[in-house]
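Here's a quick walk through a single protein chain, written for someone who would rather look at the fold than read a table of angles. Have the viewer open and follow along.

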Amino acid sequence: MQMDSKDSSNIQAKDKEKKDLNESMNKLHIEGASSEQAGTSTTNFKRKPVIIIVVGMAGSGKTTFLHRLVCHTQASNIRGYVMNLDPAVMTLPFSANIDIRDTVKYKEVMKQFNLGPNGGILTSLNLFATKFDEVISVIERRADQLDYVLVDTPGQIEIFTWSASGAIITEAFASTFPTVIAYVVDTPRSSSPVTFMSNMLYACSILYKTRLPVVLAFNKTDVAKHQFALEWMEDFEAFQAAVSSDESYTSTLSQSLCLVLDEFYKNLRTVGVSAVTGAGMEEFFKAIDAIAEEYMENYKADLDKRRAEKQCLEEERRKENMDKLRKDMEKSRGETVVLNTGLKDKKDHNKTVMDEEDKEIEGEDDDDYEEFTEEEDVIDEDEDEEVARFSF
């Protein structure tokens, strides 16, 4: 009977420990928090407004093109919202609803961090990206009153497209609203086949980097028509005929690349526009609306898939941490555990090593002192003899 009573008491104690352990684990509310976050990430997506991020090479006319877009939205009663992400621009031909210059002072950043022009722009954009969630919240509050959000980027295209801040901004937009990249091409300069191919390669790299739909806006059609570019994109033989006059390495490489980019051309929308005369604005917005529908069908599905994969990885990592925590708590049985980091033992070991070294050094000092004193005695005796010889 005594053994039975002890066994029953032990079983009751173990059940109580498990119950207390489960209660303490449930108090963490980790599962509920993760499910709430997953729910909010899917319900916060809005079909409107459409985000138009204008990028392009320096001198392609991005700011002038954006000014024309603003004028067109105002004349057509289209509800637009303007954002400027270029901290180094002196004056803007349009008024921006959200301006990075109101938050970050470009020249002060250059002075404080001892940076050049490009480094100052990049650092200013990084500082602004740390608070970009507030920008998204401002646009979300006015989402029902807007049709488009026009975003102007810095003149140096690589600062936005290949920086961490540019990735943060584009992903923040794409996870909340339909987002489109408008790549502005300088049409007169692209009349050279090699320059045209470099622009196409950069547009393709932006497509792979951002994973967002891209619209090619051939600007300055009032100076040079963009029909030659459309012909080169549709017929690779016409492009090879244009390049064949040059036998340099770049022209040979361009001939090979035109075959590689054939699939890229088929799924790319192009529009000829003029920022000065306003030609092609209606076609541009029609292309934006069509791509926004494709975004909802294709690109958003890919975004949701990547987000789900990321959440699965976070869930697996969270479960591993919870299992490790549960095992540690079961092992400790609710008792206070002193974590052994190994620093104390290492410190004691270092102390003993230092003591032994000090002893060795002291022994060596004593030996040196004894040897030194004996030599000193010999030297002193010799000196006494020499002094005795020269004494008068």
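In which loop is N77 found? It sits in the stretch between α3 (62-75) and β2 (80-84). Keep in mind that this is a predicted model. N77 has a phi near 60°, a positive value in a residue that isn't glycine. That's worth a look, because most residues other than glycine have a negative phi. N77 is also exposed, with a relative accessible area of 70%.

K220 is another non-glycine residue with a positive phi, about 65° in this case. You'll find K220 in the loop between β6 and α10. At 25% relative accessibility, K220 counts as partly exposed.

One more loop residue: S95, between β2 and β3 (98-99). S95 is exposed, at 62% relative accessible area. S95 and M83 are twelve residues apart in sequence, and their C-alpha atoms are 9.0 Å apart in space.

**The cores**

M83 turns up again on the inside. The largest nonpolar core has 60 residues, and M83, F132, F173, Y183, F196 and L216 are the ones that touch the most other members. Helix α9 supplies the largest share of this core, with seven residues. Apart from it lies another core, of 28 residues, including L66, L69, M281 and A292. As a general point, nonpolar side chains tend to be buried together in soluble globular proteins.

What does Y183 contact once its neighbours within four places in sequence are left aside? The list takes in V55, G56 and M57, then I157, then N199, Y202, A203 and I206, and finally V214, V215, L216 and A217.

**Helix α10**

Now click on α10, residues 227-234, where A229, L230, W232 and M233 are buried. Looking down the axis of α10, these buried residues fall within an arc of 160°, so they line one face of the helix. What do they pack against? The partners are α9 (193-210), β6 (214-219), α11 (236-243), α13 (262-266) and β7 (269-272).

**Two helix pairs**

Two packed helices are described by the angle between their axes and the distance between the axes. Here are two pairs side by side.

| Helix pair | Axes come within | Crossing angle, roughly |
|---|---|---|
| α11 and α12 (249-260) | 10 Å | 180° |
| α4 (106-113) and α5 (117-129) | 9 Å | 110° |

Angles over 145 degrees count as roughly antiparallel, and those from 65 to 115 as roughly perpendicular. The α4 and α5 axes cross at roughly 110°, and that makes α4 roughly perpendicular to α5. For α11 and α12, the crossing is at roughly 180°, and the two helices are therefore roughly antiparallel to each other.

Which residues do the touching between α11 and α12? From α11 come F236, F239, Q240 and V243, and they meet S251, S254, Q255, C258 and L259 in α12. By class, this contact holds five nonpolar residues, four polar and no charged.

In the other pair, Y106, V109, M110 and F113 of α4 meet P117, G120, I121, T123, S124 and L127 of α5. The contact of α4 with α5 has seven nonpolar, three polar and no charged residues.

Key:
Residues are numbered from 1 along each chain as its sequence is written. This is a predicted model: local features need pLDDT of at least 70, side-chain atom pairs count only at pLDDT 80 or more; totals for chains, interfaces and linings use all residues. Side-chain values use heavy atoms; hydrogens and water are left out. Buried means under 20% relative accessible area, exposed over 50%, partly exposed in between (1.4 Å probe, protein chains only). Helices (H or I, at least four residues) and strands (E, at least two) are DSSP runs, numbered from the N terminus. The arc is that of the directions from the helix axis to the C-beta atoms. Contact means heavy atoms within 4.5 Å. Axes are lines fitted to C-alpha atoms, for helices over the stretch in contact, and angles run from 0 to 180 degrees between N-to-C directions. Angles under 35 degrees count as roughly parallel, over 145 as roughly antiparallel, 65 to 115 as roughly perpendicular and the rest as oblique. Ala, Val, Leu, Ile, Met, Phe, Trp, Tyr, Cys and Pro count as nonpolar, Asp, Glu, Lys and Arg as charged, and the others, Gly among them, as polar. A nonpolar core is a set of buried Ala, Val, Leu, Ile, Met, Phe, Trp, Tyr and Cys residues joined through side-chain atoms within 4.5 Å.
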